[in-house]
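Please read this briefing alongside the sequence and the 3D view. It goes topic by topic.

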Amino acid sequence: GLLLPRICAHYSAQSGAEISINAGCFAQLPSLDWILHSFPSMVRPLYGDHAFSHPIGLMVQPERCELFEAALRQPLGKHAWLEVVAYLKDARKLITIRRIKDAGNWDYSYYTNANDARMKGLELSLGLDNGGGLRARLAYALSEVRGTGSYPGSSIGYVDDYPARLPPAELYLLDHNQTHRGTILLSARPSASAGSILDGLALNLLMTFNSGHNFGALRTRSERELYDPLLDPVTDILDPRDATLAAIPHSFTTPAVFNVDVSVGKTFTVGGAEIECYMLVTNLLNAKQTVNVYPTTGSATDDGAFGIQGAERYLTNPEFLTMRRMLNIENRWSYAVANAPWYNRETLSSGLPDIYGMPRQIRVGIRVGINGG
């Protein structure tokens, strides 16, 4: 019963330039398991964990989306081209969790279409292919993603305290919003030349940059005492009920990230078999990239443990402090635990399980292909 019109217009000029405009309306039904998982709460309302595990999902409607996109592709001489894409995407009736009281004054949670989001951006691409095995591409994206919730469980802290406080109605920067993203790709495959040592050689260099992503800073409740010195500093991630937002949701960003990957390969033929030896190096510079931070401090090296009431009794034990730093700061044990919450790992996970990105990795391999002809 949904009317979803879509319009596509395309124009090609004699100069080789191409212009395209796309606009349309889309809809998406919720995941079926959300509905099926809600049945235990309906048939056993006194025994379910209604705040987190089994929200009622029978009232959800299709999520709606309206998209507008315009693109221009312009050749620059014989071997280069420029592409510009601008887009605006409005997502409405996104699914989130709310809390309600029924006629018998029982509290339960349910999925409802109460979130909205707006995505807009500009993408630029510059490409070069000289026809002799040298290729290059430069890409840059400027984007912004705002909404009233990042995922169905974004309002879980508000849900538990209902009706004392409600989720903010205004659109704010969502977590993992990245303002700037850039990519440079260089690829070289020397032209075939009989007897040349460069025959079958391939070299690829990939450089990526992003401006970090947003996150929601939390303010730990001052009245809570530190009773588990290993886990308490990240309890706010495990259970958002233990903290309140320190500022507008997701108004802080993680550090920018720059990364370099490189691969080199050599292909040659032995008999009827084609053999390729290759080496792939990711994070060539072995940079320690900060991709997440502790939400109560905004730092990758301070989880805020000793700002909690009752922590002072541990400060006089140097052996404990050494052990704790090794476990929680150097190896991020508590952060990994906090990002796999017990109440719903699939929909309520708060993000990546580590503070830092992957270190340098070197892979060496051989591919063998046999021509049956």
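Where is N283 found? N283 sits in the loop between β15 and α5. Helices (H or I, at least four residues) and strands (E, at least two) are DSSP runs, numbered from the N terminus.

This is a predicted model: local features need pLDDT of at least 70, side-chain atom pairs count only at pLDDT 80 or more, and totals for chains, interfaces and linings use all residues. Residues are numbered from 1 along each chain as its sequence is written, and side-chain values use heavy atoms, with hydrogens and water left out.

- N283 is buried, with a relative accessible area of 4%. Buried means under 20% relative accessible area, exposed over 50%, and partly exposed in between (1.4 Å probe, protein chains only).
- Phi of N283 is near 55°, a positive value in a residue other than glycine.
- N286 lies in the loop between β15 and α5. Its phi is positive too, at about 55°, although N286 is not a glycine.
- N286 is partly exposed, at 39% relative accessibility.
- T290 is found in the loop between β15 (273-282) and α5. T290 counts as buried, at 16% relative accessibility.
- Leaving aside neighbours within four places in sequence, T290 is in contact with P255, V257, A300, I355 and Y356. Contact means heavy atoms within 4.5 Å.
- T290 and D354 are 64 residues apart along the chain, and their C-alpha atoms are separated by 9.2 Å.

**Salt bridges**

- The structure holds nine salt bridges. A salt bridge is a side-chain nitrogen of Lys or Arg within 4 Å of a carboxyl oxygen of Asp or Glu.
- R135 pairs with D129 in a salt bridge (3.5 Å, N to O). R135 is exposed, with a relative accessible area of 52%. D129 is partly exposed, at 33% relative accessibility.
- E144 forms a salt bridge with R146, and the closest N and O atoms are 3.2 Å apart. E144 is partly exposed at 25% relative accessibility. R146 is partly exposed, with a relative accessible area of 29%.
- R332 and D354 meet through their side chains in a salt bridge (2.9 Å, N to O). R332 lies in the loop between α5 (318-330) and α6 (333-338), and D354 in the loop between α7 (345-348) and β16 (361-370), so the pair ties together parts that are 22 residues apart in sequence.
- R332 is buried at 14% relative accessibility, while D354 is partly exposed at 25%.
- Salt bridges that share partners join K120, E144 and R146 into one network.

**The loop between α6 and α7**

- N339 is found in the loop between α6 and α7. N339 is buried, at 5% relative accessibility.
- N339 and I237 are 102 residues apart in sequence and 7.1 Å apart in space, C-alpha to C-alpha.

**The second largest pocket**

- The second largest pocket has a volume of about 180 Å³. A pocket is an open set of points on a 1 Å grid over the protein atoms alone, where a 1.4 Å probe fits, with protein on both sides within 12 Å along at least five of seven lines; lining residues have an atom within 4 Å of a point.
- Its lining consists of F26, A27, Q28, E63, R64, C65, K89, A91, L94 and M119.
- β2 (18-28), β3 (63-76) and β4 (80-101) each supply at least two residues of that lining.

Notes: Points joined across faces, edges and corners; volume = space filled by probe spheres on them.
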